[in-house]
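Good morning, and thank you for making time for this presentation.

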Amino acid sequence: PIPPLAEVVGATAHVPLCSGGSVRYVNLDYAASAPALAAVAGAVQAALGQYASVHRGAGHHSQVTTVRYESARESVRAFVRGRIDDAVVFTRGTTDAINLAARATRGDVVVLDIEHHANLLPWTARERTGGSRVVRARSTIEGTLAALEAELAAAPAALLAVTAASNVTGEVLPIGRLAALAHRHGARILVDAAQLVAHRPVSMVSHGIDYLVFSGHKLYAPFGAGVLIGRADWLDAADPYLAGGGASAAVTLDDAASASVEWRSGAARHEAGSPNVLGAIAIAAACEALAGIGFETIGTHEAELLGRLDAGLAGIAGVELLRIFDDSTDRVGIAGFVVDGHAPREVAEHLSDTAGIGVRDGKFCAHPLLQRLGFPDGAVRASFGLGTGADDINRLVEALHRLQA
Ligand code: PMP
C-alpha cells in the first residue's frame, strides 16, 4: 500500500453514485487544480485572523499583512532558487504571468507547437512588440532540441518560451539544456512550470532560467494567484501591466484629459490595485510545505504511483497512453490516454458516475498538440499528487476494466 504523502482539504468528501449511495471522492485531476494542502488552509486561516490591506496603513494588521505579503516573495524565490535581484511578481496565475511577460518582451519569441494555449496565444497574439515563431516539436527530445537550435541560429530571437512539463502527457523537458541552448544564441528563456513545480525541484540559478511562471492552484494553494519571477530589467522597462494605484509613485494631472505618472519599478510596477494577499500567502505556505516534505520523498511517492498506474493501464484492452517524445525519460504524475470505442467524455462520465473519480477530458487547452498526436477530438487525463494513495489508482484501473469488460 502506498498512502497519501500529505493531508489535503476535502480528502474524505463523499459524492453520489448513479447506482445510489455514495463513495469517497477520488480526485485524479491534480494537473487541472490540486486540492489545497491542510497546511496551506491553516496559513490562509491565520492570515484572515489579522487581515488588512497591504502597503497602505500604519495599523497593526496592515503592517502584519504587508510583512506576510512581502515575505511571500522570498518564500517563492527560495523555493525556485531565484536570483537575489529577480523580480517576484504576483499575478492571477500562469496565463496572466505569461501575458505580462509577453508585454515586457521586445523582439521575436520562439515557441514549440506542444504548448498549453497559455504559452502560445500570448506570443502569437503579439503585434507591436515582436513576432512569434512556432517550431514543430519532433518525435524525440533530441530532435526537438536540434530543431530549436536551428531556428535560433537562423534568425535572432529575444526569448525561447517553453513548457517544463506537458500538461497533456506529463513528459518533462530538459530545461537546463533548453536554457543553455537559448543563451548560446543570445536569447533568454521563459519556462512555463505550471506542471512542474509541484513535482520536481527547480533551480533558476543552476538551470539558468531567466523567467519562471506557475499557478498557485496547481501547487496545493487556491485559485487566483500565480507567479512571474525573473530578470527585472525587461519588467522595469515595460509599461505597467495594469494602470492604477500601487504601480504609480507620483501622479499629477496636467489637464482634464491627461496625467503625468512616475511609475514604480520592481514587482509593484505590475501589481496595480489591491493585490491578492491571501493568494500570495497561500503560495508561500505551499512552497514551504513542499520544501518541508522534500522532493526526494515527493518523487519516490510519485514514481511508485505512476508505475502502478502505467502497469494498470497497460493491462486494459484498448487503452492507449499519449506520448509526445520517443526518448523522454521523466514524467510527472499525469497519464493522458484514450480508450478505444469510447469518447473521452463517455470515459470521464463512467469514472465519475460509477466510481466517484474525477478526471479531466477534452483537449486540455492544447489543441495543436492533440491534433499532432492524432486525437483532435480529445483524450482523458488522470493526474495525481500528494493526497493520492494506491487505493485511488486501483479504483481507476478497476473502473476502466469494467468499462472494457
Ligand atoms: N501552462 C500549463 C502547462 C498548464 O497546465 C496550465 C493550466 N492547465 C496553464 C499554463 C495555465 O494556468 P492557469 O489556468 O492557472 O493560468
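Predicted model: local features only at pLDDT ≥ 70, side-chain atom pairs only at ≥ 80, totals over all residues.

Residues are numbered from 1 along each chain as its sequence is written.

Let me start with the domains. The domain assignment, whose bounds come from an automatic or database source, gives domain 1 as 14–30 + 295–404 and domain 2 as 40–292. Their C-alpha centres lie 29 Å apart. Across the boundary, 25 residues of domain 1 are in contact with 27 residues of domain 2; contact requires C-beta atoms, placed from the backbone, within 7 Å. On the side of domain 1 that touches domain 2, the elements giving two or more residues are α10 (295–314), β14 (334–339) and α12 (367–372). Here helices (H or I, at least four residues) and strands (E, at least two) are DSSP runs, numbered from the N terminus. By class, that side of domain 1 has 13 nonpolar, 4 polar and 8 charged residues. In this scheme Ala, Val, Leu, Ile, Met, Phe, Trp, Tyr, Cys and Pro count as nonpolar, Asp, Glu, Lys and Arg as charged, and the others, Gly among them, as polar.

I turn to the sheet. An open sheet is formed by 7 strands in the order β4-β10-β9-β8-β7-β5-β6, with mixed pairing. Two strands pair if DSSP finds at least two bridges between them. At the edges are β4 (87–91) and β6 (132–135), each of which pairs on one side only.

Which residues of strand β5 are buried on its two faces? Val109 and Val111 are buried on one side of β5 (residues 109–112), and Val110 and Leu112 are buried on the other. A residue is buried if 20 or more other C-beta atoms lie within 10 Å of its own, exposed if 12 or fewer, and partly exposed in between, with C-beta atoms placed from the backbone. Strand β5 runs parallel to β6, joined by 4 bridges, and also pairs in the parallel sense with β7 (residues 159–163) over 3 bridges. Val110 has Arg133 as its bridge partner in β6 and Leu160 as its bridge partner in β7. Elsewhere in the sheet, β8 (residues 188–192) and β9 (residues 211–215) pair in the parallel sense over 3 bridges, and Val191 has Leu212 as its bridge partner in β9.

Next comes the ligand. It is surrounded by 15 residues, of which the closest are Gly93, Thr94, Thr95, Asn167 and Ser215; a residue is near a molecule if its C-beta atom, placed from the backbone, lies within 6 Å of it. This shell divides into 3 nonpolar, 11 polar and 1 charged.

Finally, the loop residues. Most residues other than glycine have a negative phi. Arg81, in the loop between α2 (60–79) and β4, has a positive phi near 50°. Cys365, in the loop between β16 (360–362) and α12, also has a positive phi, near 50°. Why does Arg81 count as partly exposed? Arg81 does so because it has 16 C-beta neighbours inside 10 Å. Cys365 counts as partly exposed with 18 such neighbours. Ala343 lies between β14 and α11 (344–355), and its C-alpha atom is separated by 9.2 Å from that of Asp361, 18 residues apart along the chain.

Notes: Contact = placed C-beta atoms within 7 Å.
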